[in-house]
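Ready for a bit of practice with rings and helices? Take a look at the structure below, then work through the exercises one step at a time.

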Amino acid sequence: RSSDLSSGINAEYGGTVMAYGQTGAGKTFTITGSTENFQERGMIPRALSHFYQAINAMTEHSVTVRISYMEIYNETLTDLLSESSPRPSLVISEEDGSTVVKGLTVRLANTEEEALNLLFEGETNRVIADHALNHASSRSHCVFTVHIESRSRTQSSSNFTLSKLNFVDLAGSERLGKTMSEGLTKQEAMYINKSLTFLEQVILAVADRKREHVPFRQSKLTHVLKDSIGGNCNTVMIANVWGESSQLEETISTLRFGTRMMCVANEPMQNIHYDPLLLVREYEQEIKTLKMELAMHDTLANRSNVSYEPYTEAQQFDLQQNIRRYISGSVPEIEIVNLRQVKEIFKQFKQMILNQEREIEARVVQKYNLE
């Protein structure tokens with residue numbers, strides 16, 4: 001159910017809903033639903049409604065919601081929410097083990113109404129065409145993503161969680177003999193069937209535990225869905241089929257694909273990130289606190305003259321003199337105060353050795369005229 005995945009998002013886990021099936025089986029209707037009848041709304045509107053209700057009830061967390069919507073048309077990534085004309089092509093990259101689409105527009109959605117408006121805006125930009133089995137057939141794979149950032153209101157912590165809920169409306173597999181596609185529609189069908197074949201190959205590879213390499217980069221679709229197939233999020237596949245005997249062969253193929261998808265094991269993980277500015281502030285405060293504790297400890301141990309700040313030039317000179325007196329035998333030992341002093345002694349001793357080597361080398365060169 002959409003509410004189950006939304007609850008997973010609230011628990012700081014990612015999720016993916018994927019609709020698969022032959023053309024005209026109702027995948028787009030399942031994912032987005034009807035815009036004319038409220039009762040026939042799809043999984044995206046239902047999930048958004050449930051999710052924003054959950055956000056309003058989360059008083060201890062500040063949640064920011066952003067929306068992105070893209071399509072993969074003839075192996076080209078397109079931003080459905082871009083205001084540029086023509087829409088620029090997008091590039092897939094991998095950062096910190098996650099798949100990222102560079103250049104993708106991510107819009108802020110503070111309310112359910114704003115999120116739905118972005119959904120409908122993207123829907124108007126999708127590529128559709130007419131063929132024998134569907135008068136409004138999707139000619140591209142579409143991915144609608146809800147990006148969620150959650151921060152605690154009660155704790156001044158540097159960590160926050162980022163999670164994503166993907167709704168994937170896959171273009172339907174087509175048999176050209178049944179759809180009677182020609183020209184551009186036929187070319188689109190060939191791209192669609194090819195990408196779905198690669199998707200099936202990836203799923204077979206992921207399900208095989210003995211396989212060392214999974215060909216995610218074979219197509220844009222499999223590369224985009226890398227985190228959803230055997231990745232770190234909860235994934236649900238919906239198998240859309242025709243309830244007619246004339247489509248029995250395609251129905252069996254869809255159910256076979258669903259069976260293979262069931263063999264894919266995902267391992268949901270929390271996506272915890274750290275704010276670098278807040279993290280630096282926490283470290284600075286922790287260092288300050290530790291210095292205060294050290295000062296208190298030294299006072300109780302009658303070592304009030306101990307300092308933990310970096311050595312000044314005057315202090316370094318004094319320490320060098322003490323090392324020389326110790327080496328010459330003028331003093332039996334150097335009193336050790338703390339670890340900071342030990343490190344500085346080694347540092348100054350090393351510097352003295354290097355200086356001495358340079359002096360000896362210069363004398364030898366001057367004496368024997370080796371320049």
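Two rings of Phe, Tyr or Trp count as a pair if their centres lie within 6.5 Å. Keep in mind that this is a predicted model.

**Exercise 1.** Work out how the rings of Phe51 and Tyr52 are arranged.

*Solution.* Start with the total: the structure holds 4 aromatic pairs. For Phe51 and Tyr52, the ring centres are 6.1 Å apart and the planes sit at 75 degrees. Planes over 60 degrees apart count as edge-to-face, so that's what this pair is. Both Phe51 and Tyr52 are buried, by the way.

**Exercise 2.** Find out which parts of the chain the pair of Phe144 and Phe167 ties together.

*Solution.* First, the geometry: Phe144 and Phe167 are 6.5 Å apart centre to centre, with 50 degrees between the planes, and the pair is tilted. Next, the location: Phe144 belongs to strand E9 (residues 141–152) and Phe167 to strand E10 (residues 159–169), so the pair ties together parts 23 residues apart in sequence. Phe144 and Phe167 are both buried. Finally, ring pairs join Tyr69 to Phe144 and Phe167 in a cluster.

**Exercise 3.** Decide how helix H10 is oriented relative to helix H11.

*Solution.* Look at the axes of H10 (residues 313–328) and H11 (residues 339–367): they come within 10 Å and cross at roughly 75 degrees. Angles from 65 to 115 degrees count as roughly perpendicular, so H10 is roughly perpendicular to H11. Now check who meets whom: the residues in contact include Leu319 and Ile323 from H10, and Ile345 and Phe349 from H11. The residues of this contact split into 6 nonpolar, 4 polar and 3 charged.

Definitions and conventions:
Residues are numbered from 1 along each chain as its sequence is written. This is a predicted model: local features need pLDDT of at least 70, side-chain atom pairs count only at pLDDT 80 or more; totals for chains, interfaces and linings use all residues. Side-chain values use heavy atoms; hydrogens and water are left out. Rings of Phe, Tyr and Trp (its six-membered ring) pair if their centres lie within 6.5 Å; planes under 30 degrees apart count as stacked, over 60 as edge-to-face and the rest as tilted. Buried means under 20% relative accessible area, exposed over 50%, partly exposed in between (1.4 Å probe, protein chains only). Helices (H or I, at least four residues) and strands (E, at least two) are DSSP runs, numbered from the N terminus. Axes are lines fitted to C-alpha atoms, for helices over the stretch in contact, and angles run from 0 to 180 degrees between N-to-C directions. Angles under 35 degrees count as roughly parallel, over 145 as roughly antiparallel, 65 to 115 as roughly perpendicular and the rest as oblique. Contact means heavy atoms within 4.5 Å. Ala, Val, Leu, Ile, Met, Phe, Trp, Tyr, Cys and Pro count as nonpolar, Asp, Glu, Lys and Arg as charged, and the others, Gly among them, as polar.
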